[in-house]
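Work through the following exercises with the sequence and the model side by side, and try each task before reading its solution.

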Amino acid sequence: MVIKFPDKSKALKGLYCLAPFETAMIDEWGKVYVCGCDAWLPTPVGNINDEPIDVILNNALSKQIRSSIIDHSYTFCNEKSCKLIKNNELLSKSQLGKEYADIDNWKHKTSSDSLKRIFLAGDRTCNLSCPSCRTHVIKYHPSVGRDQTSKRDQLVDRFIKNLFSSPNSKLEEIVMSTSGELFASEVLLQVLEQANLENFPRCKLHIQTNGLLMKDRWDRLGQWKDRVGTVNLTADACDKEVYEKLRRGGRYDVLLENLQWFKEKKTNDNINFIMKMVVQRDNIHQIEDFYEFGKRYGANEVHYCRITDWKVMAPETFANVDILSDRHPDFEKANGILDAFKSKGYQDAKFIG
Ligand code: SF4
Ligand code: SF4
């Protein structure tokens with residue numbers, strides 16, 4: 001389904017976003033988006049279960065989206081949620097570099113050659129069941145039933161054939177997992193095992209994780225162990241009570257054990273380490289303590305984002321935890337806490353939406 005937003009060509013005249021030229025995000029159902037976040041650009045351009053990624057990235061809809069960047073209308077982009085639009089982080093032409101000197105004619109070219117970033121959900125498997133994300137622990141990909149190993153193998157094959165079979169010397173980043181836990185996902189671990197690294201000489205692996213299985217399963221990254229660029233670990237809290245409530249199924253002592261192990265590893269292997277808090281009613285009071293907690297375990301940056309409504313909680317429950325909504329009764333108090341923390345000016349504390 002194509003979802004359009006108001007024409008923004010007056011407000012965004014002369015400004016560019018390179019995501020639709022360089023990015024493919026594949027969700028757990030195989031749908032492909034040309035932006036790193038489907039809440040920002042919610043129109044899928046195809047499905048890798050139906051067509052190869054090269055065909056999808058060069059179809060009419062993908063080209064229309066790139067054209068909407070070139071004419072600055074950004075009609076496929078949600079200005080209310082996209083962080084780049086909201087924070088004035090789009091680029092002027094002089095910031096784009098040589099590669100994009102001819103960007104205004106780009107719609108006549110293909111984009112698969114310029115693909116630099118793949119965000120791969122792959123699988124919803126996770127060892128936790130955080131209340132905002134799911135109601136119960138999910139162990140398998142939705143299309144793979146219990147014990148159906150052959151279906152899982154088919155899925156791995158599909159990812160390998162569609163995304164990782166031809167060489168791409170421009171590919172810089174693979175981000176896993178955007179919908180579950182990489183270290184719990186047999187599908188994603190097998191994809192990493194089977195992808196031929198020689199095809200992607202510049203590519204780094206960026207891991208999004210809850211961190212609890214990291215120490216025990218790091219070796220499963222196999223050939224990618226030396227190519228990890230970033231670990232982005234969402235912990236949400238820095239004490240046992242709040243942690244075990246918000247990260248349901250997680251044990252605080254196991255988190256600490258993994259953080260301690262990773263602190264040394266990230267230094268030795270030169271891995272960029274981000275600790276993240278999804279800000280909500282139960283952890284807003286820990287914002288500053290969480291920053292110190294992250295720094296204690298070697299985080300290069302500490303990120304904060306507002307909780308997203310994944311339609312898992314009942315509407316009234318979500319409204320109650322979404323304390324950064326201006327409709328929440330404690331919004332002013334919460335905003336005050338946030339502003340007080342922001343006023344400290346920590347350069348390595350980032351608010352990402
Ligand atoms: S939604 Fe934002 S990040 Fe995505 S393509 Fe549009 S401007 Fe770029
Ligand atoms: S750790 Fe992430 S993927 Fe797993 S349940 Fe929590 S929010 Fe969802």
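**Exercise 1. The nonpolar core**

Find which residues of the largest nonpolar core touch the most other members, and then follow the contacts of Ala24.

Solution. In this predicted model, the largest nonpolar core holds 88 residues, and those that touch the most other members are Ala24, Val32, Val34, Cys35, Leu120, Met176 and Phe290. The element that gives the most to this core is strand S10, residues 272-279, with six residues. Turning to Ala24, and setting aside its neighbours within four places in sequence, one finds contacts with Val32, Val34, Ile53, Leu57, Leu115 and Ile118. As a general background, nonpolar side chains in soluble globular proteins tend to be buried together.

**Exercise 2. The strands S7, S8 and S9**

Determine in which sense S8 pairs with S7 and with S9.

Solution. Begin with strand S7 (residues 173-176) and strand S8 (residues 204-209), which pair in the parallel sense over four bridges; here Glu173 stands opposite Lys204 in S8. Next, include helix H6 (residues 186-194), which together with S7 and S8 makes a right-handed β-α-β unit. Finally, S8 also pairs in the parallel sense with strand S9 (residues 228-234), over five bridges, and Gln208 stands opposite Asn232 in S9.

**Exercise 3. The surroundings of two ligands**

**Exercise 4. The setting of Ile307**

Decide whether Ile307 is buried or exposed, and name the residues that it touches.

Solution. First locate Ile307 in the loop between strand S11 (301-306) and helix H11 (315-321). Because Ile307 has 21 C-beta neighbours inside 10 Å, and a residue with 20 or more is classed as buried, it counts as buried. Not counting residues up to four places away in sequence, Ile307 touches Ser132, Val278, Val279, Gln280, Val321 and Asp322. By contrast, the C-alpha atoms of Ile307 and Trp106, which are 201 residues apart along the chain, are separated by 36 Å.

Definitions and conventions. Residues are numbered from 1 along each chain as its sequence is written. Chains are lettered from A and ligands numbered from 1 in the order in which they are written. This is a predicted model: local features need pLDDT of at least 70, side-chain atom pairs count only at pLDDT 80 or more; totals for chains, interfaces and linings use all residues. Helices (H or I, at least four residues) and strands (E, at least two) are DSSP runs, numbered from the N terminus. A residue is buried if 20 or more other C-beta atoms lie within 10 Å of its own, exposed if 12 or fewer, and partly exposed in between; C-beta atoms are placed from the backbone. Two residues are in contact if their C-beta atoms, placed from the backbone, lie within 7 Å. Two strands pair if DSSP finds at least two bridges between them. A crossover is right-handed if, with the strands pointing away from the viewer, the path from the first strand over the helix to the second runs clockwise. A nonpolar core is a set of buried Ala, Val, Leu, Ile, Met, Phe, Trp, Tyr and Cys residues joined through C-beta atoms within 7 Å.
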